[in-house]
Amino acid sequence: MTKKLTGHSTARYHRLTRTDDGFVDLQYQKQKPKMPWGGIILAVFLFIAGSLLIALSSLLFSGHLDGQHTEGAWPLLILGILMFIPGVYHVRIAYLAYRGYPGYVFDDIPDFE
């Protein structure tokens with residue numbers, strides 16, 4: 001059936017027959033996991049920097065580092081904890097997803113692309 005559309009173009013239309021149930025086999029195939037490199041690099045950075053800040057603040061608290069301004073140990077400790085917790089969480093997810101443990105996938109790590 002050909003229908004003329006106000007002088008612009010000619011389009012052919014035909015009725016589709018419904019022979020399938022609306023599902024495609026490709027939607028059930030497992031996709032290859034995409035590595036969120038930006039999120040993994042950020043998680044490793046947060047983990048290492050948080051660990052260093054916690055260690056530095058604990059050395060200041062214990063007196064092993066001789067400093068005149070030991071009141072700066074509290075902000076270092078708080079900042080270290082704030083960096084360490086999300087870093088270790090996402091590094092753990094990345095490691096377990098890489099090893100193929102059930103329930104751990106790279107989709108749980110934010111990607112910054």
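I began with residues 37-61, where I found the chain to be 100% helix and 0% strand. The end C-alpha atoms of this stretch are 36 Å apart. I note that the model is a predicted one. I took the range from UniProt, where an unreviewed entry lists residues 37-61 and 73-91 under "transmembrane region". I then checked residues 73-91, which are also 100% helix and 0% strand. Here I read 26 Å between the end C-alpha atoms.

Next I looked up the overall layout. I counted two helices and two strands in the chain. Along the sequence I read the order as β-β-α-α. The chain has 113 residues, and 19% of them count as buried. I also looked at how far apart in sequence the contacting residues lie. Among contacts with a separation of 6 or more, 52% join residues 24 or more positions apart.

I started with Ser57, which has its place in helix α1, residues 37-62. Is Ser57 buried or exposed? I list Ser57 as buried, because its relative accessible area is 0%, and the cut-off for buried is under 20%. Leaving out residues up to four places away in sequence, I found Ser57 touching Ala73, Leu76 and Leu77.

Ala55 was the next residue I checked, and it too lies in helix α1. I looked up its C-alpha distance to Leu77, a residue 22 positions away along the chain, and read 8.4 Å.

I then turned to Leu60, again in helix α1. Leu60 counts as buried, since its relative accessibility is 16% and the class takes values under 20%. Which residues does Leu60 contact, leaving aside neighbours within four places in sequence? I noted Leu65, Thr70, Ala73 and Leu76. I also looked up Glu71, eleven residues from Leu60 in sequence, and found 9.0 Å from C-alpha to C-alpha. Comparing my entries, I see Ala73 and Leu76 in the contacts of Ser57 and in those of Leu60.

I looked for the largest nonpolar core and found six residues in it: Ile40, Ile93, Ala94, Ala97, Phe106 and Ile109. Helix α2, residues 73-99, gives the most to this core, with three residues. The contacts I noted for Ile40 are Met35, Ala94, Phe106 and Ile109. Ala94, Phe106 and Ile109 are also members of the core.

My last entry is on the largest pocket, which holds about 280 Å³ of space. I went through the lining and wrote down Lys30, Gln31, Lys32, Pro33 and Lys34 from one part of the list. How many of the lining residues are nonpolar, polar and charged? I have six nonpolar, two polar and four charged.

How values were computed. Residues are numbered from 1 along each chain as its sequence is written. This is a predicted model: local features need pLDDT of at least 70, side-chain atom pairs count only at pLDDT 80 or more; totals for chains, interfaces and linings use all residues. Side-chain values use heavy atoms; hydrogens and water are left out. UniProt positions are given in the numbering used here, feature names are shortened, and annotations may be inferred rather than shown by experiment. Helices (H or I, at least four residues) and strands (E, at least two) are DSSP runs, numbered from the N terminus. A nonpolar core is a set of buried Ala, Val, Leu, Ile, Met, Phe, Trp, Tyr and Cys residues joined through side-chain atoms within 4.5 Å. Buried means under 20% relative accessible area, exposed over 50%, partly exposed in between (1.4 Å probe, protein chains only). Contact means heavy atoms within 4.5 Å. On a 1 Å grid over the protein atoms alone, a cavity is a set of points where a 1.4 Å probe fits but cannot get out, and a pocket is an open set with protein on both sides within 12 Å along at least five of seven lines; lining residues have an atom within 4 Å of a point. Grid points are joined across faces, edges and corners, and a volume is the space filled by probe spheres set on the points. Ala, Val, Leu, Ile, Met, Phe, Trp, Tyr, Cys and Pro count as nonpolar, Asp, Glu, Lys and Arg as charged, and the others, Gly among them, as polar.
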